[in-house]
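Student: Could you walk me through this one and tell me what each label rests on?

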Amino acid sequence: MSDEAYRMIVRAHGGPEAIERERFDPGTPGEGEVLIAQDAVGLNFIDTYYRTGLYPAPLPLTLGSEGAGHVVAVGAGVSGIAVGDKVGCAAGLGAYATHRIVPADRVVRIPDAVSTRDAAAMMLKGMTACYLAEDMIDLLPGDVALVHAAAGGVGSVLVPWLRDKGVVVIAHSGSPEKVAKVDADHSLSGSLDDLAAQVRDLTDGKGVTVAYDGVGKDSWAASLASLRRRGLLVSYGNASGAVPPISLLDLSRNGSLYVSRPTLFDYVATAEDLANTAERLFDRMARGIVSAQIGQSVALADAADAHRALEGRQTTGSTILIP
């Protein structure tokens with residue numbers, strides 16, 4: 001196996017050229033571990049943060065967290081997973097590799113109706129959309145949600161997920177071209193300065209039940225101003241920078257508002273929560289409610305080219321790397 005196995009590593013932080021191909025022997029799984037031969041690896045913008053050193057990790061490091069394939073070996077003490085099972089893992093680093101050893105309790109089963117390529121493209125953003133839609137707040141048909149970056153990775157999954165629940169979705173995107181890609185009840189684009197006023201107009205002055213904000217600093221004020229009394233602002237990302245300091249009195253004065261800054265890990269911290277979240281995602285994928293929009297497939301050995309395209313905004317939808 002060592003003759004055919006390889007991984008893409010970073011020995012020193014830098015640009016895409018810092019990514020090197022290296023042959024390696026994946027070894028055998030230890031107690032509580034499984035060895036996966038990967039069919040596909042998901043490319044995520046966070047991978048570039050580890051490459052450049054923006055997010056710290058010991059060097060050398062194998063990039064990537066999201067991959068899917070088939071189990072080829074099982075360590076001692078593992079139950080419920082067998083050689084040949086179709087599985088995925090979206091935890092830790094080390095996904096940019098033909099083979100990957102991971103803890104068995106971080107592995108999810110992929111049903112027959114979902115391909116390994118689709119799973120690799122969807123696990124992180126799809127499981128994020130799952131906890132946002134299902135676990136943050138008990139949304140009922142007729143509730144209204146504002147979704148920022150609705151054409152983005154998480155937004156493009158969250159919008160159809162919410163609509164399937166009967167939630168009325170007001171989607172905001174960065175351009176008219178992105179609006180055209182979003183199937184929401186109401187689609188808005190352009191300046192954030194008058195977004196709250198538009199939201200009030202669409203909700204008879206009441207505001208939204210929940211605002212899902214992965215943008216951060218630039219959209220923070222608009223999100224708060226768009227909420228109904230006792231509404232919830234879920235700040236799950238900071239694409240435009242960190243949000244400003246929060247005044248608890250402002251939350252009180254604007255309608256006893258709630259604010260949460262969640263992260264996926266805390267919703268999949270146990271094996272049971274991880275399995276439940278993955279099952280809900282794969283169920284909706286199998287039923288066609290949400291889908292993996294794979295815009296491009298790139299050879300794993302060409303991961304540097306994939307990073308250049310991603311950082312140069314030359315990709316559409318999801319990108320997967322094929323070993």
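This is a predicted model: local features need pLDDT of at least 70, side-chain atom pairs count only at pLDDT 80 or more; totals for chains, interfaces and linings use all residues.

Student: Where does P60 lie?
Tutor: P60 lies in the loop between helix 1 (45–52) and strand 4. Residues are numbered from 1 along each chain as its sequence is written, and side-chain values use heavy atoms, with hydrogens and water left out.

Student: What kind of peptide bond joins L59 and P60?
Tutor: A cis one, with omega at about -10°.

Student: What about the phi of D204?
Tutor: Phi of D204 is near 55°, a positive value in a residue that isn't glycine. You'll find D204 in the loop between helix 5 and strand 12.

Student: What makes strand 1 and strand 4 a pair?
Tutor: Two strands pair if DSSP finds at least two bridges between them. Strand 1 (residues 6–10) and strand 4 have two bridges, in the antiparallel sense, so they count as paired. In this pairing, V10 stands opposite L61 of strand 4.

Student: Which sheet do those strands belong to?
Tutor: An open sheet of three strands, in the order 2-1-4, with antiparallel pairing. Strand 2 (19–23) and strand 4 (61–62) are its edge strands, each pairing on one side only.

Student: How do you know that strand 9 and strand 12 pair?
Tutor: Count the bridges: strand 9 (residues 144–147) and strand 12 (residues 208–213) have three, and they run in the parallel sense. One spot to look at is L146, which stands opposite A211 in strand 12.

Student: What is the order of the open sheet of six strands?
Tutor: The order is 11-10-9-12-13-14, with parallel pairing.

Student: Why do strand 11 and strand 14 count as standing at the edges?
Tutor: Strand 11 (186–189) and strand 14 (258–260) each have a single partner strand, so one side of each is left without a neighbour in the sheet. Neighbouring strands here are turned by 15° against each other on average, direction ignored.

Student: Which helix packs on that sheet?
Tutor: Helix 5 (residues 195–202) does, touching strands 9, 10, 11, 12 and 13. Contact means heavy atoms within 4.5 Å. The direction of helix 5 makes about 165° with that of strand 11; axes are lines fitted to C-alpha atoms, for helices over the stretch in contact, and angles run from 0 to 180 degrees between N-to-C directions.

Student: Why is helix 2 called roughly perpendicular to helix 8?
Tutor: Helix 2 (residues 116–134) and helix 8 pack at about 110°, with their axes 9 Å apart. Angles under 35 degrees count as roughly parallel, over 145 as roughly antiparallel, 65 to 115 as roughly perpendicular and the rest as oblique. That makes helix 2 roughly perpendicular to helix 8.

Student: Which residues meet there?
Tutor: From helix 2 they include M122, M123 and M127, and from helix 8 they include L274, L281 and F282. The contact of helix 2 with helix 8 divides into 10 nonpolar, two polar and four charged residues. Ala, Val, Leu, Ile, Met, Phe, Trp, Tyr, Cys and Pro count as nonpolar, Asp, Glu, Lys and Arg as charged, and the others, Gly among them, as polar. So E134 of helix 2 and R280 of helix 8 count as charged.

Conventions:
Helices (H or I, at least four residues) and strands (E, at least two) are DSSP runs, numbered from the N terminus.
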